[in-house]
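Q: I am new to this structure and would like to learn how to read its features. Can we take them one at a time?

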Amino acid sequence: MSRLAGAVGGFPEAKYRLTVPSTLMNGQYTLAQDLSGKVQEGIKSASEANVRDPQAAAGQYSGSKGDGTSLILSGIYGRVKAPEQQRDRMLRGVGDAEGAIIVVPPMDATPAGSDVRISCQVVTKSQGAFSVTFPTCAWGDSNTVGSVSVVGPASSGQKAVDVDVDRAAELTVKVLNEVRRPVGSGSRR
């Protein structure tokens with residue numbers, strides 16, 4: 001194993017990476033746009049004291065029902081020294097987007113049957129008179145940090161109290177289990 005992949009200076013060994021598969025959730029979502037290159041450029045311009053060898057994995061997926069539902073996956077992988085801090089930073093980034101307001105602050109959830117702690121928040125994003133309210137959930141471990149947001153027709157005009165955060169956390173764990181792979185296994189997709 002190369003020195004970059006091993007544990008060095010308090011950084012964990014690189015064991016996992018993230019992928020951007022062509023479909024998620026047994027074909028319920030199909031990749032519409034791979035955004036990894038765009039996110040990678042942002043990583044290069046940011047100073048990451050707690051992440052070594054960061055790589056991006058991001059994509060926008062369209063729902064198979066044809067109802068305009070989108071799933072957005074955004075993640076980085078590498079050697080993460082403070083995964084909880086990076087997870088929280090990722091959630092703050094969603095709230096810092098233009099027109100976005102965090103209307104329910106992050107809360108931790110561990111879905112049944114999972115050992116992964118997920119943190120979810122509810123965001124309202126406005127663009128002119130149009131507004132959507134949706135959950136964003138994120139995880140962080142020693143090699144991967146990512147977030148999942150699902151926006152669809154029900155998101156338009158939805159009240160924050162009506163957002164099912166537990167369901168969003170469960171979906172996030174399912175997506176995580178599909179996109180996290182051992183280093184050296186298979187292709188990027």
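Q: Which residue in β8 is the bridge partner of Val 122?
A: The model shown is a predicted one. In it, Val 122 is bridged to Pro 135 of β8. That bridge belongs to a set of nine that join strand β7 (residues 118-127) to β8, and the two strands run antiparallel.

Q: What do β7 and β8 form, and how many residues are between them?
A: They form a hairpin, with two residues between the strands. Gly 128 lies in the turn and has a positive phi of about 65°.

Q: How many bridges pair β8 with strand β9?
A: There are five, and the pairing with β9 (residues 144-151) is again antiparallel.

Q: Is strand β8 largely enclosed or largely open?
A: A residue counts as buried when its relative accessible area is under 20%. Eight of the 11 residues of β8 (residues 130-140) are buried, so the strand is largely enclosed by the rest of the structure.

Q: How do side chains point along a strand, and what is the general idea?
A: In a regular strand, side chains alternate between the two faces of the sheet.

Q: Is Ser 70 buried or exposed?
A: Ser 70 is buried, because its relative accessible area is 14%. This serine is found in strand β5, which covers residues 70-80. Setting aside neighbours within four places in sequence, the contacts of Ser 70 are Gln 60, Tyr 61, Ser 149, Val 150 and Val 151.

Q: Which phi value does Asn 26 have?
A: Asn 26 has a positive phi of about 55°, although it is not a glycine. This residue lies in the loop between β2 (23-24) and β3 (29-34). Asn 26 counts as exposed, at 81% relative accessibility.

Q: Where does Asp 53 lie?
A: Asp 53 lies in strand β4 (residues 51-63). Its phi is near 55°, a positive value in a residue other than glycine. With a relative accessible area of 32%, Asp 53 is partly exposed.

Q: Which ring does the charged end of Arg 180 sit over?
A: It sits over the ring of Tyr 16, 5.0 Å from the ring centre.

Q: How many aromatic pairs does a search of the whole structure find?
A: The search finds zero aromatic pairs.

Terms used:
Residues numbered from 1 in each chain as written. Predicted model: local features only at pLDDT ≥ 70, side-chain atom pairs only at ≥ 80, totals over all residues. Heavy atoms only, no water. Phe/Tyr/Trp six-rings, centres within 6.5 Å; stacked < 30°, edge-to-face > 60°. Lys NZ or Arg CZ within 6 Å of the ring centre and 35° of its normal. Helix = DSSP H or I, 4+ residues; strand = E, 2+ residues; numbered from the N terminus. Buried < 20%, exposed > 50% of the residue type's maximum accessible area, 1.4 Å probe, protein only. Contact = heavy atoms within 4.5 Å. Pairing = 2+ DSSP bridges.
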